[in-house]
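User: Please guide me through this protein structure with a few questions and answers.

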Amino acid sequence: MKVLGIETSCDETGVALYDSEIGLLGEALYSQVDLHLEYGGVVPELASRDHVRRVLPLIKEVLAQAHCTSDMVDGIAYTAGPGLIGALMVGASVAKSLAFAWQVPSLGIHHMEGHLLAPMLEDEPPTFPFVALLVSGGHTQLVSVLGIGQYQLLGESVDDAAGEAFDKAAKMLNLDYPGGPAIASMALKGTPGRFIFPRPMVDRPGLDFSFSGLKTYTRNCIAEYCQDDLLDEQLNADIALAFETAVVETLVIKCKRALEQTGYDRLVIAGGVSANQRLRAGLYEMLEKKSGKVLFYARPEYCTDNGAMIAFAGCQRLLSGQREGLEIKCRPRWPLEELAPIGQ
Ligand code: KG4
Ligand code: ZN
């Protein structure tokens, strides 16, 4: 089965064609980063309008890349939520219109399920059950995964998501959006140990996170050490390193706890922040002490938003027989646990 995937939940227009027998046949991505750069974050209305401009040319590009014509597409998957409502509506409207025109089924996919399953696009995919750490710009969640659609939330952020915290801290340090990669590269020049930021909520039981305090800590640190309102390069790097280390160590501690609690051997990390090298290194170090436990993640371009993860998730669900009508339904807020298991 060949499934066209369309991702438009935020500031990336992603399109891909996935074949259940062969794998990915084509993919294309347009990032709106430059469009939103001067605002320091995503402007929803600009995002929606840009998706309108990009999505059809990208679909044509992907079909051409895959040497496929529209009559070879068996189904269409689109991101139905969570995300920005205007942006979601663009992908949903295009998906439903094409499904009607091409007479094929279409299905709305949960963006975080897309992320969660993205490591399965790699050569050595994880098998169920596993613990998933979902870390993106909008979510930080630990999930027990028994199968596709069988998700149990173990813990989540009570305030900012990890990616959001990276973005906000980067803004304070006058670094560009998105803040995660900017902080990570700045931190490489940082002096280890000059600043030690707290590891929020690790001293109490449970698997929830809180990252908003780290933002305040960053602001106070800048105010205390910054001379004449000018952040010098080294101070910037030292704060970036302290911030990144605190987020990473907090995530590692909670992942360790989640593995102990569930007894699972496999840990999957997904979402934009899972591209972070310090996080991967920290998790490897933790898992090394727990022999037999294995870490899975996707290549960097499948950690951040992309069409391939939506095409893949859509293909699994369409193959299992799931279908929906032509009405356009998006869910800006959508708990992962409400998803239907496949095959039931
Ligand atoms: O999954 P994603 O592309 O979009 C959402 O679903 O939100 O994640 C974007 C987030 C942004 O907050 C960005 O700063 C963060 O992922 N991010 C990173 C890295 N690359 C992207 N955070 C830390 N380190 C990175 N290398
Ligand atoms: Zn995402």
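Analyst: Buried means under 20% relative accessible area, exposed means over 50%, and partly exposed lies in between, with a 1.4 Å probe and protein chains only. This is a predicted model, in which local features need pLDDT of at least 70 and side-chain atom pairs count only at pLDDT 80 or more, while totals for chains, interfaces and linings use all residues. Residues are numbered from 1 along each chain as its sequence is written, and side-chain values use heavy atoms, with hydrogens and water left out.

User: Is Asp160 buried or exposed?

Analyst: The side chains of Asp160 and Lys168 meet in a salt bridge at 3.4 Å, N to O; a salt bridge is a side-chain nitrogen of Lys or Arg within 4 Å of a carboxyl oxygen of Asp or Glu. Lys168 has a relative accessible area of 29% and is therefore partly exposed. With a relative accessible area of 7%, Asp160 is buried.

User: Which residues are linked with Asp160 in a network of salt bridges?

Analyst: Side chains of opposite charge can pair when their charged atoms come close. The network that includes Asp160 links it with Glu164, Lys168 and Lys215.

User: How many residues apart in sequence are the parts tied together by Arg299 and Glu122?

Analyst: The side chains of Arg299 and Glu122 meet in a salt bridge of 2.9 Å, N to O. Arg299 lies in the loop between strand 10 (294–296) and helix 10 (300–303), and Glu122 in the loop between helix 4 and strand 6, so the pair ties together parts whose separation in sequence is 177 residues. Helices (H or I, at least four residues) and strands (E, at least two) are DSSP runs, numbered from the N terminus. The value asked for is 177 residues.

User: Is helix 5 roughly parallel or antiparallel to helix 8?

Analyst: Helix 5 (residues 162–172) and helix 8 (residues 233–262) pack at an angle of about 175°, with their axes 11 Å apart. Axes are lines fitted to C-alpha atoms, for helices over the stretch in contact (heavy atoms within 4.5 Å), and angles run from 0 to 180 degrees between N-to-C directions. Angles under 35 degrees count as roughly parallel, over 145 as roughly antiparallel, 65 to 115 as roughly perpendicular and the rest as oblique. Helix 5 is therefore, relative to helix 8, roughly antiparallel.

User: What is the relative accessibility of Phe128?

Analyst: Phe128 is placed in the loop between helix 4 (111–117) and strand 6 (130–135). Beyond its neighbours within four places in sequence, its contacts include Met120, Val145 and Arg266. Phe128 counts as partly exposed, because its relative accessibility is 31%.

Definitions and conventions
Chains are lettered from A and ligands numbered from 1 in the order in which they are written.
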